[in-house]
Amino acid sequence: MTNQVLLDPSNSSDEDCCPDESLFAIYHSTQSSRAAATRNFIGALPIELLLAIFTHLYRSSRRLTQTGETWRLNDPLSSLFPYAPAAVCSMWCSVLSLIPEFWTRVVIRVDSQHTQSRDVRRYFEWSRNLHLDVIITRHHDEFDGDDKGEQSKVFKATRELVRHIERCRSIRFNVMYSSSLPSILHDLHQETAPHLHTLKLKCKVDDGGSPHRKLVHWSFDAPALRHLYLDARNFLDVCVDRNNWLRRLHNLNSLSVSRYHHLSGKGIDLYKLLRAVEESPSLAYLELKDLHFSRLRPWTTVNDISIDLISMNLGDLSGEALSEIIGYVDSAPDATRISRCAITTCHHSLISGGVAFHDLSADQDLMIPLAHWRGRTLSLVNCACFHDDFLRDMIDGGPHDQSFACKGVKELYLVNCTKFSPRLLKTMVLKRRKLARRSIFWRHDQETLDWTFPVVAPITLISVEGGPVLSKKDREWFDKNLGSFYWDEQVLHNPFEDSGDSDYDTHGG
């Protein structure tokens, strides 16, 4: 039965697919201590049973995606396969080491319990010649405080990684300091990664550092790269000016740039960043987060940048930067998410079909970016600025009810928003549905999903999680009159992680 444990024999030689001889060698080497092992159930388990258990654990650590089967990358470090069972005893580790598929997820810790270099080399060796998913990370409890040794630990891990980069499918760094991250400009210069589809360099803090010396003929060949997450310093090194790496990434689908706080107060040139983004041939998803800009206007007064996107995620940006970025996106993205930004100085209206606001304070004015917005779906998470004044603005249609704010909205999602009156929300829904029905008649809300209403669209869906108390009478009214309705008064804790922090990272636990 042991010849059934390999799930993808096509990636290994015939010799790799038949571990029986090696397994029996381990088995016979343990016979001298069999009497002691029988007193320990763990040590007494037959090898065939161990293999069955390990294969089950392997399969339960995998997930199906649109492109095939891959590792589940959100498992806690404390129970991560195969590292947790390999730590039980030397025999278990020996059995696990014989199955290269088990070691195609290489996880290297760079915190106080950092992975030793000899172990890192063993993990790469045990994976034989198979493709790899590499994660260099910290336990989630160890992102506070100070770790002056992190840079050295990451450097050693990166050195081992680069030796096997031709086999890597994904590479993810999740560290404390930007100075600990590898330099794409120097550490990956002249390397080739033909199978690499995801590269993520993520840090919690930008602690500065000296700019790298530019290389005139820099190259890093990753033709299959689809998802690129860079700290701002690496992005500036390889994607700005004439060496724009993005031009060569013809399959790049999503880009994230984050973390820049120069110690002298000098920021990023927004115009150069957007110009680099525009030159990406196939980009659909863009995230800009926690960036400080020094110049928001281009030298020329002509807006010659045009960026077409499907989705955009903007977080921790000043109001002026937010407004400029929105102004450069000429197409209508399907979705725009704005988190912890100053929206009151935004002088461009949003044009996305769906807009989500996260973590906005009470002094922000939602009507500034939304007054002329025509999209269908509005989501608000932890937004104290969603209150009765906003609902009154949505009720007010101006003279003769011909000028409504957010005139196209049909779906409203509220999470942990409690500063509004359910009765006023009901009044808003009632008025807008009444006016919509005057222009177009419908029987079921589902029919109106793609309809355009001349004056104002009807609210057809409301979902509230962590909202104010709703009376039984009002609950019955919403249930009866809306195509889809949900209301839960229980406040959610951490309802949505930041997208940059939830990208299927292996985390501590």
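Reader: Why is glutamate 160 called buried?

Author: Happy to start there! In this predicted model, glutamate 160 has a relative accessibility of 5%. Buried means under 20%, so glutamate 160 counts as buried.

Reader: What makes glutamate 160 and arginine 121 a salt bridge?

Author: Their side chains come to 3.6 Å, N to O. The cut-off is within 4 Å between a side-chain nitrogen of Lys or Arg and a carboxyl oxygen of Asp or Glu, so the pair qualifies. The partners belong to distant parts of the chain, 39 residues apart: glutamate 160 sits in helix 8 (residues 150-162) and arginine 121 in helix 7 (residues 117-126).

Reader: Is arginine 121 buried or partly exposed?

Author: Partly exposed, because its relative accessibility is 36%, and that label covers what falls between 20% and 50%.

Reader: Why is aspartate 144 called exposed, and what label does lysine 204 get?

Author: Aspartate 144 has a relative accessible area of 61%; exposed means over 50%, so the label follows. Lysine 204, at 36%, is partly exposed.

Reader: What separates aspartate 389 and arginine 392 along helix 14?

Author: About one helical turn, because they are three residues apart in helix 14 (residues 388-395).

Reader: How many salt bridges does a search of the whole structure find?

Author: It finds 22.

Reader: Why is aspartate 133 called buried, and what polar contact does its side chain make?

Author: Aspartate 133 has 2% relative accessibility, and buried means under 20%, so the label holds. You will find aspartate 133 in strand 4 (residues 132-137). Its side chain makes a polar contact with the side chain of serine 170 at 2.6 Å, and the limit for such a contact is 3.5 Å. Beyond its neighbours within four places in sequence, aspartate 133 is in contact with residues including Thr70, Trp71, Thr104 and Arg169.

Reader: What forms the nonpolar patch on the surface?

Author: Leu49, Ile53 and Leu57, which together have about 200 Å² of accessible area. Leucine 49, in helix 4 (residues 47-60), is partly exposed at 40%. Patch residues need over 30% relative accessible area, so leucine 49 passes that step.

Reader: Which residues have the most contacts inside the largest nonpolar core?

Author: Phe220, Trp245 and Phe357, in a core of 135 residues. Helix 11 (residues 270-278) gives the most to this core, with six residues. Leaving aside neighbours within four places in sequence, phenylalanine 357 is in contact with Ile338, Leu350, Pro369 and Cys383, among others. As background, nonpolar side chains tend to be buried together in soluble globular proteins.

Note on methods
Residues numbered from 1 in each chain as written. Predicted model: local features only at pLDDT ≥ 70, side-chain atom pairs only at ≥ 80, totals over all residues. Heavy atoms only, no water. Helix = DSSP H or I, 4+ residues; strand = E, 2+ residues; numbered from the N terminus. Buried < 20%, exposed > 50% of the residue type's maximum accessible area, 1.4 Å probe, protein only. Polar contact = N/O pair within 3.5 Å; in protein donor to acceptor, adjacent residues only side chain to side chain. Contact = heavy atoms within 4.5 Å. Patch = residues over 30% accessible without salt bridge, like charges linked within 9 Å, V, L, I, M, F, W, Y side chains within 5 Å. Areas by Shrake-Rupley, 256 points an atom, 1.4 Å probe, with all protein chains shown as cover. Core = buried A, V, L, I, M, F, W, Y, C linked by side-chain atoms within 4.5 Å.
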